[in-house]
Amino acid sequence: MSPKAHTFLPGQNSADALDKIRFQSLTKPDALGGFHSSVDREETDLAIRIVADKERKLLVITDTGIGMTSEELKKNLGTIARSGTSEFVSLLEDKNADLSMIGQFGVGFYSVFLVCDRVSVASKSNDSPKQMIWESTSENDFAIGVDPRGNTLKRGTEITLHLKDDAVEFLETTKLELLVKKYSEFITFPIYLWKEKVESYEPEAEDSFANEDGVEDVSEESDEPKESKPNPTRTVHLWERVNQNKPIWARKPADLSAEDYNEFYKAFSNDMAEPMAYTHFSAEGDNEFKAILFIPKKAPTNFLQKLESVAKNVKLFVRRVFITDENDLMPRWLSFITGLVDSDDLPLNVSRETLQKHHLLKAIKKKLIAKAIEMIRKVAGDETKYLEFFKQYGTALKLGIVEDRKNQEKLSKIVRFHSSHSTEGMTTLVDYKKRMKSKQPQIYYVTGSNLDDLRNSPVVEVPLARGYEVLYMVDPIDEYLLQSLREFDGTPLQSLSKAGLEYGDEDKDEESKIKEEFAELASWLKSTLDEYVETVVVSTRLAKSPTAVIANKMGLSGNMEKIMNAQALQSGENYMLTYYQSLKKTLEINPYHPLIKALNKKIDAAAEGNNNDDYVEMAKVLYESTLIRSGFELKNSHEFAGRVEQILRANLGVPKDAEADYVVVPAPEKTEDDDSDAGKSDNTVVVEENDHDEL
């Protein structure tokens, strides 16, 4: 069955007809009169009714709207029958087609032939003395005439569908109820479904009879308890309203309470919890629409883990008729937002694909995103609530900074990061800037996967010791965020794991003096580690650690290299990662550390002729251990382990070439007897003598 087959159900067609007669009644009060009383309704009742006849495979949809004359039936429905289903669909997809002439009776009417062989439309208008009927089959033909049944409707339209054998599912009450609730739940007028129910009832008490003397017979009561019998049942038919929920977005926000919004959200989203926040607004002018957006308390399961880029949480309505939830009204980073949009200006008589490309949707999307950000910023005003929000959706906001350049500045002001300013809570970039030191030229940060590791990283030692604030970025998405957000409010963001660190108060003379003192060591380390490092410099970020490995400005941090290595969907060789890993690093040395001072003296002595190959191995161990501590991965962990072992041997007095005295015991070879025994064990079932002796 086609996914569009459900579009024949009551929707804006019937609602428009009811709206028109109600509007006409404002100037002609008698326009609503003249209903038949057999259906147990008031004469002014405006409603839509559905009856399913399983025996005859008929589905009848009736409204008490304005109705149509013979000419209106021909004008509104004739185009569909003459063009045929396939031609009608092609016209809808034709950008140059005159859509005003296509199917004015409403969206999807052509789809009746997907589920039925014949359709009849009976209609009675106040402007016509007789009730008319329009009939057509899936052939390219139709007929219009006076309804032989007479004026059974009094006023309105009745659509009778003669369903195909493979479409009888639409005669099931449950199926009809689900479809009406999904697509027509919020239509202003009531939709009634003719339902069959089985109910129990209490039978009337038996009358007592008097004898000839006029004395009533009284039966002797038995001491035995009477056996209780279940009440008998009977089948009843009744009209039951299907669309119970009201379109509260059509009302003014001032007329609604928080409880109204909470109850609507629960019914709309099937969420038992109340929303964290909501916004209700309308747009006027060339593009009129109303919308309600909600922030759920909890993020959806597998939030941002799915590969689909289009969210289905925001439903699109056109004049209170549900159209689709497969839209791109919200970007991926706002896919947690739940809500709806109801447009008065979008056309209904076009296909879903054509509607998705409509220029008005772009304006609606822009407005929705702006209102969603405004709602989030209001939540940010409540610190307690915002901490819970950020716990659920912080990653989404950071993704927005990466993907939504237009709103990057707004989002960068409300995202939060861990900071050295406080061990509890998080901070914003706005608050960081307020606390910056005098002449501080950069915002300092360090990335990694563990908060404790970052707090103890060698690259944060001097900044923290000097009182500078450091941001700790531990979310994997932070690495991508920092590639998009290079500066904040005119101040560049500087990674402490990369080259380019400045404090703004450097003593150039003192730095030159220290560099000169350790120039020989730096040169020796550069030549010794030339395979790994591009340069060796005296550090301005180390206080307690002897060395640190720093990436160049355009290189990857150690954390980013790990993230790229762990990409689950990558296949083949990652050339970008290979390129960045091949870039040489910078080794920074701490001129105040005793190890560096001692090594500096040893190298000076070696330069005078006391060369020792052990220093080379020592330098490599120092570099590789620093590489690990700086967050990078070793390319050859086997060689590193071997060097550490040699240091242990030297300290324990074990000769370099001493080997383990393990004696190898070869595994026994397989024989023919082994093959024979294996065959027996595979095919033979051994039964104990005493097992099942009762047989």
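**Aromatic rings and a helix pair**

Reply: Tyrosine 278 is partly exposed, with a relative accessible area of 32%; buried means under 20% relative accessible area, exposed over 50%, and partly exposed in between (1.4 Å probe, protein chains only). This is a predicted model, in which local features need pLDDT of at least 70 and side-chain atom pairs count only at pLDDT 80 or more, while totals for chains, interfaces and linings use all residues. Residues are numbered from 1 along each chain as its sequence is written, and side-chain values use heavy atoms, with hydrogens and water left out.

Me: What makes tyrosine 261 and tyrosine 278 an aromatic pair, and of which kind?

Reply: Rings of Phe, Tyr and Trp (its six-membered ring) pair if their centres lie within 6.5 Å; planes under 30 degrees apart count as stacked, over 60 as edge-to-face and the rest as tilted. By this rule there are 23 aromatic pairs. In the pair of tyrosine 261 and tyrosine 278, the centres are 4.4 Å apart and the planes 25° apart, and the pair is stacked. Tyrosine 261 belongs to helix H5 (residues 258-269) and tyrosine 278 to strand E9 (residues 277-283), so the pair links parts of the chain 17 residues apart; helices (H or I, at least four residues) and strands (E, at least two) are DSSP runs, numbered from the N terminus.

Me: How do you know what kind of pair phenylalanine 264 and phenylalanine 268 form?

Reply: The centres of phenylalanine 264 and phenylalanine 268 are 5.5 Å apart, with 15° between the planes, and this pair is stacked. Both residues lie in helix H5, four residues apart, about one turn of the helix. Phenylalanine 264 counts as buried because its relative accessibility is 6%, and phenylalanine 268 is buried at 12%.

Me: Why are H7 and H8 called oblique?

Reply: Helix H7 (residues 359-380) and helix H8 (residues 383-403) pack at about 140°, with their axes 8 Å apart. Axes are lines fitted to C-alpha atoms, for helices over the stretch in contact, and angles run from 0 to 180 degrees between N-to-C directions. Angles under 35 degrees count as roughly parallel, over 145 as roughly antiparallel, 65 to 115 as roughly perpendicular and the rest as oblique. H7 and H8 are therefore oblique to each other.
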